[in-house]
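Please look over the sequence and the structure shown below before reading on.

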Amino acid sequence: MQQLKRTLFAKFRDAETRLHELNYLFWECTLRCNLQCLHCGSDCSRNSDYIDMPVNDFLNALQTIQHIPKNFTVVFTGGEPLMRNDIEECGRQIRKLGMQWGIVSNGVLYNEARHNSLLNAGMGALTISLDGMQNSHNHLRSTAGSFEKATRAIEMAAKAPQLNFDVVSCVNPMNIHELDAMHQLLESLNVKSWRLFTIAPIGRAANNPHLMLTARQFAVLMQFIVHARSRKGMNVQFSCESYVGNYEAKVRDSYFFCRAGINIASVLIDGSISACPNIDRSMAQGNIYHDNLQNIWDAKFQVFRNKSWTHKGICASCSDYKHCRGSGMHLYAGNPPELLQCRKL
């Protein structure tokens, strides 16, 4: 039965890749951030070298999209999107184009007034980060008090039935022993969905190798998720970051599938058109300031849709390559891109 499921999923994955319908678009609307997180993949700061992208520039790019799927969603990311004071107006304009929108936030600036104004502007999705209990979260975020503000934001968001809301947590050696306590906390706040991921050596995290899980710690994480998923209530999942071998379909609702460049694209702060915003920026496919977003999506992204170039090094002799396809694209860096780490267990 397991083999049949894998075969059927492989056919589904290949069909999705051939169709490559764009239905999820990240907008890196700012690189300003109110925190200095040790693991930041974007290496953001309060005073970014880049100015916030004008909303009309982004809207002009969106208007090149010819066929908008029913579930098309724009996700504001950064940096911290709430550093912008015009998020609500950006959201209203996106809704006028027939698209849904949401944000990814650290929760520090998310108060009751902002919560209500975002909902009134049509926000339909929200992700807030919680990276441990009080001390470990504040340490990773390099900011005292950030834990209390994040948990208050989570409590507000969990009470909004119109929101597609989840909490995302970065698991590292400082909080690996706190997973049970975090689970209990999130259940007490009525959170329905919790995604867990690990730190990749990109951005600021590349200078903090002590944040990477050992193989043994990673196995502990997998076992925790398996156990948590056996319980009723909150849906706990490992993120889409990588293939996990024997734990596939045990730690997620489905098998691993990196949809970067398949269904997911991003517009970065400088206008670059890429896939997931955590992917090495040398893999950008164009730029909205001189390219048509729809045309770039249709004509390029071959590096994401045909991953035969990843079948080298440790991947060349791996019996699971047909399932993994080189793992998550954000785990590649350099020119030519090389795999940073393998998470197969």
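**Cysteines**

Cys37 counts as buried, because its relative accessibility is 6%, and buried here means under 20% relative accessible area, with exposed meaning over 50% and partly exposed in between (1.4 Å probe, protein chains only). This is a predicted model, in which local features need pLDDT of at least 70 and side-chain atom pairs count only at pLDDT 80 or more, while totals for chains, interfaces and linings use all residues. Residues are numbered from 1 along each chain as its sequence is written, and side-chain values use heavy atoms, with hydrogens and water left out.

- If a disulfide is taken as a pair of cysteine sulfur atoms within 2.5 Å, the count comes to zero disulfides.
- Cys33 is in no disulfide, and the nearest cysteine sulfur to that of Cys33 belongs to Cys37, 5.7 Å away.
- Cys33 counts as buried too, because its relative accessibility is 10%.

**Nonpolar cores**

- A nonpolar core is a set of buried Ala, Val, Leu, Ile, Met, Phe, Trp, Tyr and Cys residues joined through side-chain atoms within 4.5 Å.
- The largest nonpolar core has 83 residues, of which Trp27, Val74, Phe76, Trp101, Phe165, Trp194 and Leu221 touch the most other members.
- As background, nonpolar side chains in soluble globular proteins tend to be buried together.
- Contact means heavy atoms within 4.5 Å, and the contacts of Trp27, leaving aside neighbours within four places in sequence, include Met53, Pro54, Phe58, Val74, Phe76, Arg84, Cys90 and Val267.

**Helices and their packing**

- Helices (H or I, at least four residues) and strands (E, at least two) are DSSP runs, numbered from the N terminus.
- Helix α7 (residues 179-188) and helix α8 (residues 215-229) pack at an angle of about 35° with their axes 11 Å apart, where axes are lines fitted to C-alpha atoms, for helices over the stretch in contact, and angles run from 0 to 180 degrees between N-to-C directions.
- On the α7 side the contact is made by Leu179, Asp180 and His183, and on the α8 side by Leu221, Phe224 and Ala228.
- By class, this contact of α7 with α8 has four nonpolar, one polar and one charged residues, where Ala, Val, Leu, Ile, Met, Phe, Trp, Tyr, Cys and Pro count as nonpolar, Asp, Glu, Lys and Arg as charged, and the others, Gly among them, as polar.
- In helix α5 (residues 134-141) the buried residues are Ser136, His137, Asn138, Leu140 and Arg141, and what covers them includes β4 (125-129), α6 (146-158) and β5 (164-171).

**Backbone features**

- As background, most residues other than glycine have a negative phi, and most peptide bonds are trans.
- Ser142, which follows α5, has a positive phi, near 55°.
- Asn190, in the loop between α7 and β6, has a positive phi of about 70° although it is not a glycine, and Asn190 counts as partly exposed because its relative accessibility is 41%.
- Ala249, in the loop between β7 (235-238) and β8 (264-267), has a positive phi of about 70° although it is not a glycine, and Ala249 counts as partly exposed because its relative accessibility is 35%.
- Gly78 and Gly79 are joined by a cis peptide bond with omega about 20°, and Gly79 lies in the loop between β2 (73-77) and α3 (87-96).
- From Asn335 to Pro336 the peptide bond is cis, with omega near 5°, and Pro336 has its place in the loop between β11 (332-333) and β12 (338-339).

- Gly203, in the loop between β6 (193-198) and α8, has its C-alpha atom 6.1 Å from that of Cys40, although the two are 163 residues apart along the chain.
- Pro173, in the loop between β5 and α7, is 37 residues from His210 in sequence and 7.7 Å from it in space, C-alpha to C-alpha.
- Not counting residues up to four places away in sequence, Pro173 touches His210, Leu211, Met212, Leu213 and Gln217.
- Asn287, in strand β10 (residues 286-287), counts as buried because its relative accessibility is 12%, and Asn287 touches Asp270, Gly271, Ser272 and Ile273, not counting residues up to four places away in sequence.
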